[in-house]
Amino acid sequence: MLKGRNLINPDDLSVDEIYEIMTLAQKIIKSPMEYSNICKGRILGTLFFEPSTRTRLSFEAAMHRLGGSVIGFSESASSSTSKGESLSDTIRTVCAYSDIIAMRHPKEGSAHLAASVTTVPLINAGDGGHYHPTQTLTDLLTIIESKNTFDNLTIGLCGDLKFGRTVHSLLKTMKKFENNKFILISPTELKIPNYVKALAFKGDDEYVEVEKLEDVIDQLDILYMTRVQKERFFNEADYVRLKDSYILNSKKMQMAKKDMIVLHPLPRVNEISVEVDEDPRAVYFDQVKYGMYARMSLIIKLLGEEIC
Ligand code: CP
């Protein structure tokens, strides 16, 4: 039962609950008008203490398309946080005005703190370099729509695996399905943190780590590209040195399987050449739209089936 729950960490959802959210999202894709009034009278609070285009706007579009309304802010400077208000007090306040909250915050663990005081369902829309569970639902909907399965896939995660919260969330989740193989592609400095590996894998034999995309691209069913996360570097020189570690272009795509799909949570900087956008295997702009449907489904589930 998802009604009334928070979504903070990808592990908050069981495999059955993930399928439940996916099934509803697929129904919404097929018949969006059937859901166009389901959240009438409900209010979503969007608290974005860190910049966002897709996550914030897709949450807002999702609630509007469900017939509900939205309040919130897109930067902490326009909230009373700038006057020194604590996160706990902000959450208590927004709970008085809204039925459900989506929050993005630059600090790891902030979503847990917010969850400890909220009285309405609270969704983590990204907490620092930690987790981004609704991006994972977006990724999963893209995968199920493209591949029709979550099992028996070879998944390459490429780029900034250290700071990339979308990678941490997706990896933990895809491990829950059957017989998936993981190839972690990154420079040494941007390898996936040990705490994420420890949470996702039982042993070193469950994944492969490589530095060159060209060495493994022909094995992949899914290539998950990521941006080097400039905002999480302590040192500009390190960012400049690492930012163009991977650039996916048409030449590299020629080495890939004919049915490999390329995902990217976006925003992209240089890591995928625009020439790849025309390749039918590039599904990252479809992924943007699936994000809205995944969030529509999640909002309905957390607010409760009785609104259906
Ligand atoms: N994928 C994602 O989280 O994008 P935004 O930062 O634009 O929300």
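**Helix packing, cavities and pockets in a predicted model**

About 60 Å³ of space lies in the largest cavity. Helix α10 gives that cavity the largest share of its lining, four residues. This is a predicted model, in which local features need pLDDT of at least 70, side-chain atom pairs count only at pLDDT 80 or more, and totals for chains, interfaces and linings use all residues. Residues are numbered from 1 along each chain as its sequence is written, and side-chain values use heavy atoms, with hydrogens and water left out.

**Terms used below**

- Helices (H or I, at least four residues) and strands (E, at least two) are DSSP runs, numbered from the N terminus.
- On a 1 Å grid over the protein atoms alone, a cavity is a set of points where a 1.4 Å probe fits but cannot get out. A pocket is an open set with protein on both sides within 12 Å along at least five of seven lines. Lining residues have an atom within 4 Å of a point.
- Grid points are joined across faces, edges and corners, and a volume is the space filled by probe spheres set on the points.
- Ala, Val, Leu, Ile, Met, Phe, Trp, Tyr, Cys and Pro count as nonpolar; Asp, Glu, Lys and Arg count as charged; the others, Gly among them, count as polar.

**Cavities**

- A search of the whole structure finds four cavities of 30 Å³ or more.
- Arg54, Gln135, Thr138, Pro265, Gln287, Val288, Gly291 and Arg295 line the largest cavity. Two of these lining residues are nonpolar, four are polar and two are charged.
- Helices α5 and α10 each supply at least two residues of the largest cavity's lining.
- The second largest cavity has a volume of about 50 Å³. Its lining includes Gly159, Asp160, Met225, Tyr246 and Glu271. By class, the lining has four nonpolar, three polar and four charged residues.

**Helix α5 against α10**

- Two packed helices are described by the angle between their axes and the distance between the axes.
- Helix α5 (residues 133-147) and helix α10 (residues 284-303) pack at about 115 degrees, with axes 8 Å apart. Therefore α5 is roughly perpendicular to α10.
- Axes are lines fitted to C-alpha atoms, for helices over the stretch in contact, and angles run from 0 to 180 degrees between N-to-C directions. Angles under 35 degrees count as roughly parallel, over 145 as roughly antiparallel, 65 to 115 as roughly perpendicular and the rest as oblique.
- The crossing of α5 and α10 is right-handed. A crossing is left-handed if the near helix is turned anticlockwise from the far one by less than a right angle, and right-handed if clockwise.
- Residues of α5 in this contact (heavy atoms within 4.5 Å) include Gln135, Thr138 and Leu141. On the α10 side, Gln287, Gly291 and Arg295 are among them.
- The α5 and α10 contact has six nonpolar, six polar and three charged residues.

**Other helix pairs**

- Helices α2 and α10 pack at an angle of about 55 degrees, with their axes 8 Å apart. That makes α2 oblique to α10.
- The α2 and α10 crossing is right-handed. Among the contact residues are Arg54, Phe59 and Met63 of α2, and Val288, Gly291 and Arg295 of α10. By class, nine are nonpolar, three polar and three charged.
- The axes of helix α1 (residues 15-30) and α5 come within 10 Å and cross at roughly 65 degrees. That makes α1 roughly perpendicular to α5.
- The contact of α1 with α5 includes Ile18, Ile21 and Met22 of α1, and Leu137, Leu140 and Ile144 of α5. Its residues divide into nine nonpolar, one polar and one charged.

- The largest pocket has a volume of about 370 Å³. Of its 21 lining residues, Arg104, Arg165, Arg227, Leu266 and Pro267 are the closest to its centre.
- The largest pocket's lining has four nonpolar, nine polar and eight charged residues.
- The second largest pocket holds about 180 Å³ of space. Its lining includes Gly45, Phe73, Glu85 and Tyr97.

**Backbone features**

- Most residues other than glycine have a negative phi, and most peptide bonds are trans.
- A cis peptide bond joins Leu266 and Pro267, with omega about 5 degrees. Pro267 is in the loop between β9 (261-263) and α10.
- Asn152 has a positive phi, near 55 degrees. Asn152 lies in the loop between α5 and β5 (154-158).
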